[in-house]
Amino acid sequence: MSVIVDTRFTRMLGLDLPLAGFSRSPGVVAEVSSAGGLGVLAATPYGPDELDRHLTWIAERCGGAPFGVDLLVPPGPMTESARSPLPSSHIEFVRDLLAEHGIEAPGLGALGHGSTTTTSISSAGVEALLDVTFAHRPALVANALGPAPARLVERAHAEDVLVAALIGSSAHARRQLDLGVDLLVAQGTEAGGHTGSIATMVLTPEIVDLAGDVPVLAAGGIADGRQLAASLALGAAGAWCGSVWLASEEDVTPMTVKRRLLRAGSGDTVRSAARTGKPARQLRSAWHDAWERSDAPEILPMDQQLLLSKDAWALIEAAAEEGRDVGDLTSFFVGQVVGRMTELRPTRQIVDDMVAGCLAAIGELRGPH
Ligand SMILES: Cc1cc2nc3c(=O)[nH]c(=O)nc-3n(C[C@H](O)[C@H](O)[C@H](O)COP(=O)(O)O)c2cc1C
């Protein structure tokens, strides 16, 4: 693998490539790390035992190459709203919506309580995930939404683990720098998942200038070598990619969803709070359209909206997997680069293509000597 360029990020972690690959798929994480980048496993979809198994497997596959873990650590205890029953108006609304697509959901609202996602973002759930994470000695832990609690930064540093934080604005970045994080991921609005409203092109240089000695990775809208070269040109120490791996062979997303992603254009995503209660970019579907209707109930706080939609999405995905026609209800978190994701490739191929494209773009800019 050719070394594109040495940056503060590659030096800090001993990498060959200025590239971080975020994924919930252990196979993607291991391949990115083995290729010389930093694979980062999303811990949120897993309970502690599953996370333990995945990290054991990744560490074996990486053969000593560094890898990271991404968590969603709440700043304080889970709010009361998660423990109160979901409003019946919301349950009715979702039940009707699913019924329009041929999905019966009699037990809706009860299934999600205690589900993996909601447990893993609760304080107790996160502590268990943190114990497993640190036992596997990752090179880096990242925190997704909002400022990481000081106890996470202190624990990581005590265990020689670097801390990264995803941010979407200067205000977020300042808060994270005050907490002592080692790496900022400036994530633009193009990105899949929870995201702000500022574009990567604008956000990256703004955060690079603000961050001083702390390296910044650009995230959001980076899926090929030219975009990787562009993030380096913006002053970033590398790129942090999430969506592009959904079109990899190692990604675990069901084929029913992947087929929709491969057909989608760059204008087919929406930044909507309808799935998690906070604005997150995902493939627009009948679910999002319904929540924008004038008769739709108000979106609930994150913990409750997650409970409501977790049940519903489990039913939607199960129905799609059974081969039932659920129309255009299926969706997943994905960024605007979905429009360039037209075929499945091995993760290694995606990395190799990105590196070759980046070197070619840099070469073209330099021109003939
Ligand atoms: C399917 C998916 C799920 C995501 N979930 C998380 C998450 O749990 N935690 C997190 O820090 N970022 C999450 N993100 C955001 C990524 O970490 C990354 O910043 C983003 O994908 C970069 O933009 P891109 O999608 O254009 O590559 C997710 C992104 C995707 C595509």
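This is a predicted model: local features need pLDDT of at least 70, side-chain atom pairs count only at pLDDT 80 or more; totals for chains, interfaces and linings use all residues.

Trainee: Which backbone atoms lie by an oxygen atom of the ligand, and at what distance?
Mentor: One looks for pairs of N or O atoms within 3.5 Å. A backbone N or O atom of Gly221 is 2.8 Å from a ligand oxygen, and a backbone N or O atom of Gly220 is 3.2 Å from an oxygen of the ligand. From the side chain of Trp240, an N or O atom lies 2.9 Å from a ligand oxygen. Taken on its own, the ligand has 590 Å² of accessible area, and the protein covers 90% of that.

Trainee: How many residues has the largest nonpolar core, and which have the most contacts inside it?
Mentor: Such a core is a set of buried nonpolar residues joined through side-chain atoms within 4.5 Å. The largest one here has 38 residues, and those with the most contacts inside it are Leu51, Leu55, Leu71, Val141, Leu184 and Ile207. Elements that each supply at least two of its residues include helix H2 (26–34), helix H3 (48–62), strand S3 (67–71) and helix H9 (200–211). The largest share, five residues, comes from H6.

Trainee: Which residues does Leu55 contact, leaving aside its neighbours within four places in sequence?
Mentor: With those neighbours left aside, Leu55 touches Leu41, Phe67, Val69, Val132, Thr133 and His136. There is also a second, separate core of 34 residues, and Val32, Ala229, Val257 and Val334 are among its members.

Trainee: Is Ser23 buried or exposed?
Mentor: The cut-off for buried is under 20% relative accessible area. Ser23, in strand S1 (residues 19–23), has a relative accessibility of 4% and therefore counts as buried. Its contacts beyond four places in sequence are with Val28, Val29, Val40, Leu41, Ala42 and Asp251.

Trainee: Why does Asp224 count as buried?
Mentor: Asp224 counts as buried because its relative accessibility is 18%. Asp224 is located in the loop between strand S8 (216–219) and helix H10 (225–233). A polar atom of the Asp224 side chain is 2.9 Å from the backbone nitrogen of Gln227. Between Asp224 and Ala20 there are 204 residues in sequence, yet their C-alpha atoms are 13 Å apart in space.

Trainee: Which residues of helix H11 are buried, and what do they pack against?
Mentor: In helix H11 (residues 255–263), the buried residues are Thr256, Val257, Lys258, Arg260 and Leu261. They pack against strand S11 (280–283) and helix H13 (302–321).

Trainee: Which residues other than glycine have a positive phi?
Mentor: Two cases may be cited. Arg137 has a phi near 50° and is found in the loop between helix H6 (123–135) and strand S4 (140–143). Asp160 has a phi near 65° and sits in the loop between helix H7 (150–158) and strand S5 (162–167).

Trainee: Are Arg137 and Asp160 buried or exposed?
Mentor: The cut-off for exposed is over 50%. Arg137 is exposed, at a relative accessible area of 53%, and Asp160 counts as exposed, at 69% relative accessibility.

Methods
Residues are numbered from 1 along each chain as its sequence is written. Side-chain values use heavy atoms; hydrogens and water are left out. Helices (H or I, at least four residues) and strands (E, at least two) are DSSP runs, numbered from the N terminus. Buried means under 20% relative accessible area, exposed over 50%, partly exposed in between (1.4 Å probe, protein chains only). A polar contact is a pair of N or O atoms within 3.5 Å; within protein, one must be able to donate a hydrogen and the other to accept it, and residues adjacent in sequence count only if both atoms are side-chain atoms. Accessible areas come from the Shrake-Rupley method with a 1.4 Å probe; for residues, only the protein chains shown count as cover. Contact means heavy atoms within 4.5 Å.
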